Amino acid sequence: MAEARYVGALDQGTTSTRFLIFDHAGTVVGMAQREHEQIYPRPGWVEHDPQEIWARCKQVIDGALDQAGLQPPDLIAVGVTTQRETAVVWDRRTGQPVHNAIVWQDTRTDQLCSELARVGGQDRFRARVGLPLATYFSGPKISWLLENVCGLRDRAEAGELAFGTIDSWCIWNLTGGVHVTDVTNASRTMLMNLNSLDWDPEILATLGIPRAMLPEIRSSSEIYGVCGAPLAGVPVAGDLGDQQAALFGQTCFSAGEAKNTYGTGNFMLINTGTAPVPSESGLLTTLGYKIGAQPAVYCLEGSIAITGALVQWLRDNLGIISSSAEVEGLAATVEDNGGCYFVPAFSGLFAPYWRSDARGVIAGLTRYVTKGHLARAVLEATAWQTREVLDAMRADSGVALSSLRVDGGMVFNNLLMQMQADVLGMPVIRPRVAETTALGAAYAAGLSTNFWTGLEELRANWQVDRCWEPAADRADVEAEFRLWKKAVTRTFDWVDCPPGGRTGPDA
């Protein structure tokens with residue numbers, strides 16, 4: 001048998017699943033992608049069918065192999081990268097989910113988070129886990145399932161159930177029952193201690209979560225097990241949350257290097273080195289990656305819930321465009337936003353505000369505003385939210401970034417990228433291989449199987465595709481930014497919280 005010459009990456013995202021195959025230069029040689037259903041049982045609730053996700057995984061693996069003309073033995077390893085905070089609980093014996101997955105965007109745990117915040121406030125656990133109490137994270141989702149789905153608590157305490165974020169669900173199915181996660185995904189549950197890199201027993205007790213449900217926490221780059229069909233015999237050797245995978249794929253291996261991913265939401269991460277940096281500005285302290293037995297690398301992260309999803313909303317809910325790609329042309333029909341600002345707090349506001357009581361607002365409407373202005377405001381919402389996160393990142397890290405590396409589907413919207421450079425006042429750089437999330441997972445798997453020898457070899461693969469330089473007048477940008485921040489305040493207090501349940505920074 002010829003020596004394996006490729007690495008695969010299973011990239012399971014919020015709206016679709018992809019499988020990509022990379023050669024040694026980090027070039028994509030095969031790819032397949034399939035969407036899955038978004039389930040909305042009630043306002044604010046978002047679910048996925050875990051069985052549908054696994055079916056899509058198998059389909060895209062077969063599709064990418066067929067496209068590339070390859071067989072499983074041609075792959076030296078496969079890495080996994082997934083949406084991070086989405087929670088799945090399944091039966092250990094049958095492997096069947098006991099409920100739909102609760103997606104990271106879901107807000108049903110708002111009241112639970114408010115009740116937990118009565119003691120110690122929104123930052124009750126932050127010193128240990130780096131995260132505020134928020135509906136975003138998966139720990140409260142497990143508590144909700146155990147309390148609200150008949151019989152689950154008894155079954156969990158009897159050791160019959162397994163919990164995992166989507167990475168654990170995928171690895172379990174790929175390997176036929178290996179129950180693991182990596183430090184990056186575990187750091188998004190609100191249950192892992194940042195210093196011990198293990199589940200925090202006090203938080204588990206507070207949330208009423210049996211430790212027996214939880215996967216073993218491993219590094220991001222090691223062999224976890226060997227696949228059955230459809231990748232029979234291929235080791236699963238890398239696991240990273242999607243945003244950390246993008247950081248890794250962008251080769252941000254030194255403290256102070258940062259990237260921003262434009263997807264369903266936006267996620268900016270800056271490498272802070274081998275010690276966790278607490279945030280005073282509304283950011284998250286999280287794991288960046290851990291390579292085998294090497295020390296863990298930490299990050300500060302700014303998470304924005306709705307960016308690309310706002311373009312989808314414009315398409316699916318309003319019908320103003322028929323495809324997401326059309327938003328750029330529509331926004332280009334006008335020279336500015338016509339005084340219109342769109343703050344997409346559909347699931348509350350994430351960084352740097354953490355306001356679960358917020359809801360979306362379109363401000364500044366007049367009869368002058370057209371669908372072109374609205375489309376431009378939709379794109380600007382991504383740029384302005386990114387500016388707020390970058391300002392918080394500068395304050396916390398003390399690093400003055402000179403440029404920003406970008407990736408994700410929206411980076412091919414040239415108008416948006418120019419807006420982003422103008423708003424930030426710095427160059428925005430898109431790499432030649434823009435599939436950095438999947439590439440990061442492939443890199444992790446390839447390192448643990450010696451397909452790549454080290455980080456410097458990975459750095460050599462990174463090349464610039466395009467750079468956008470700021471061109472707007474700074475005074476104009478700052479005037480518009482002040483209006484944006486005014487519009488943000490209009491989203492506050494829309495949802496009535498229970499007494500004592502306010503979780504915002506000005507509670």
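Begin by selecting Val327, which is found in helix 11 (residues 326–331), helices being DSSP runs of H or I with at least four residues and strands runs of E with at least two, both numbered from the N terminus. The model is a predicted one, in which local features need pLDDT of at least 70 and side-chain atom pairs count only at pLDDT 80 or more, while totals for chains, interfaces and linings use all residues. Residues are numbered from 1 along each chain as its sequence is written, and side-chain values use heavy atoms, with hydrogens and water left out.

Val327 is buried, with a relative accessible area of 2%; buried means under 20%, exposed over 50% and partly exposed in between, with a 1.4 Å probe and protein chains only. Leaving aside neighbours within four places in sequence, Val327 is in contact (heavy atoms within 4.5 Å) with Val311, Leu314, Ile321, Ala375, Leu379 and Asn413.

Next, select Thr272 in strand 14 (residues 266–273), a residue that is buried with a relative accessible area of 18%. Not counting residues up to four places away in sequence, Thr272 touches Ala255, Val277, Tyr298, Cys299 and Leu300.

Then turn to Tyr136, Leu191 and Phe248, which touch the most other members of the largest nonpolar core, a set of 137 residues; such a core joins buried Ala, Val, Leu, Ile, Met, Phe, Trp, Tyr and Cys residues through side-chain atoms within 4.5 Å. Helix 12 (residues 371–397) supplies the largest share of this core, 12 residues. Apart from this core lies another, of 32 residues, including Phe19, Val88, Cys170 and Val180.
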